[in-house]
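Dear colleague,

Please read the notes with the model open beside you.

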Amino acid sequence: MRMIQRALISVTDKTGVIDFAKELAGLSVEILSTGGTAKALTAGGIKVVEVAEFTGFPEMLNGRVKTLHPRIHAGILFRRDVKDHVAQMVKHHLAPIDLVCVNLYAFEAAVAKPEVTLEEAVENIDIGGPTLLRAAAKNYTSVTVVVDPADYPRIIQEMKELKGETRLATRLELAQKVFTLTHQYDGAISRYLARL
């Protein structure tokens, strides 16, 4: 592992995210963000690089496509210990993303409303969020993935103790948390669609 230098933050639940991002920025971490999260962080006085600026490609299709881009996923998924991966990153002028902080559209809350339409339910199915989380969790040896605001203080504490790094055991535990979450999330979508 190396120092966390760049973080992608895109959250529906903004509990504690401004303080978390301020702490990261104080540790010289560059913050990438999207949409409402970027606006909230900027309003909180945090310097943010919009994902569209980072990728060189605009958000499109009413926000359906913003983080689904090779510059994002290569930055998350490349293995820092594989020379060919590193060489490809250099060749294509790609930058690493070392921390991914994402939580998902509140699908279950949306479909719990008695008046919800099928169209509204479908629009609350998160695509980019689970994709980012699964990519980061898959590459937990190099990437810290955070889905739960309750983990923010712990991450900051470790980074302060370890000069900008997190422990492998922590990253593994957080990765497991991701796969539990995405499993439950997909299950909720499946159960809703089965009732139609």
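**Helix packing and a pocket**

H9 passes H10 in a left-handed crossing, a term used when the near helix is turned anticlockwise from the far one by less than a right angle. The contact, meaning heavy atoms within 4.5 Å, is made by Arg154, Ile155 and Glu158 of H9 with Thr170, Glu173 and Leu174 of H10. By class, these residues divide into two nonpolar, one polar and three charged, where Ala, Val, Leu, Ile, Met, Phe, Trp, Tyr, Cys and Pro count as nonpolar, Asp, Glu, Lys and Arg as charged, and the others, Gly among them, as polar.

This is a predicted model, in which local features need pLDDT of at least 70 and side-chain atom pairs count only at pLDDT 80 or more, while totals for chains, interfaces and linings use all residues. Residues are numbered from 1 along each chain as its sequence is written, and side-chain values use heavy atoms, with hydrogens and water left out.

Helices (H or I, at least four residues) are DSSP runs numbered from the N terminus. The axes of H9 (residues 152-161) and H10 (residues 168-194) come within 11 Å and cross at roughly 160 degrees, axes being lines fitted to C-alpha atoms over the stretch in contact, with angles from 0 to 180 degrees between N-to-C directions. H9 and H10 are therefore roughly antiparallel, the word for angles over 145 degrees, just as roughly parallel stands for those under 35.

H9 also packs against H1 (residues 17-26), the two axes coming within 10 Å and crossing at roughly 10 degrees, which makes H1 roughly parallel to H9. Here Val17, Phe20, Glu23 and Leu24 in H1 meet Tyr152, Ile155, Ile156, Met159 and Lys160 in H9, a set of seven nonpolar, no polar and two charged residues.

Elsewhere, H4 (residues 70-77) and H8 (residues 128-138) pack at an angle of about 25 degrees with their axes 8 Å apart, and are therefore roughly parallel to each other. Ile72, His73, Ile76 and Leu77 in H4 meet Thr131, Leu132, Ala135, Ala136 and Lys138 in H8.

Finally, H10 and H6 (107-111) each supply at least two residues of the lining of the second largest pocket. Of its 14 lining residues, Leu104, Tyr105, Ala106, Leu181 and Tyr185 lie nearest the centre, and the lining divides into nine nonpolar, three polar and two charged. A pocket here is an open set of points on a 1 Å grid over the protein atoms alone, where a 1.4 Å probe fits, with protein on both sides within 12 Å along at least five of seven lines, and lining residues have an atom within 4 Å of a point.

Key: Parallel < 35°, antiparallel > 145°, perpendicular 65-115°, else oblique.
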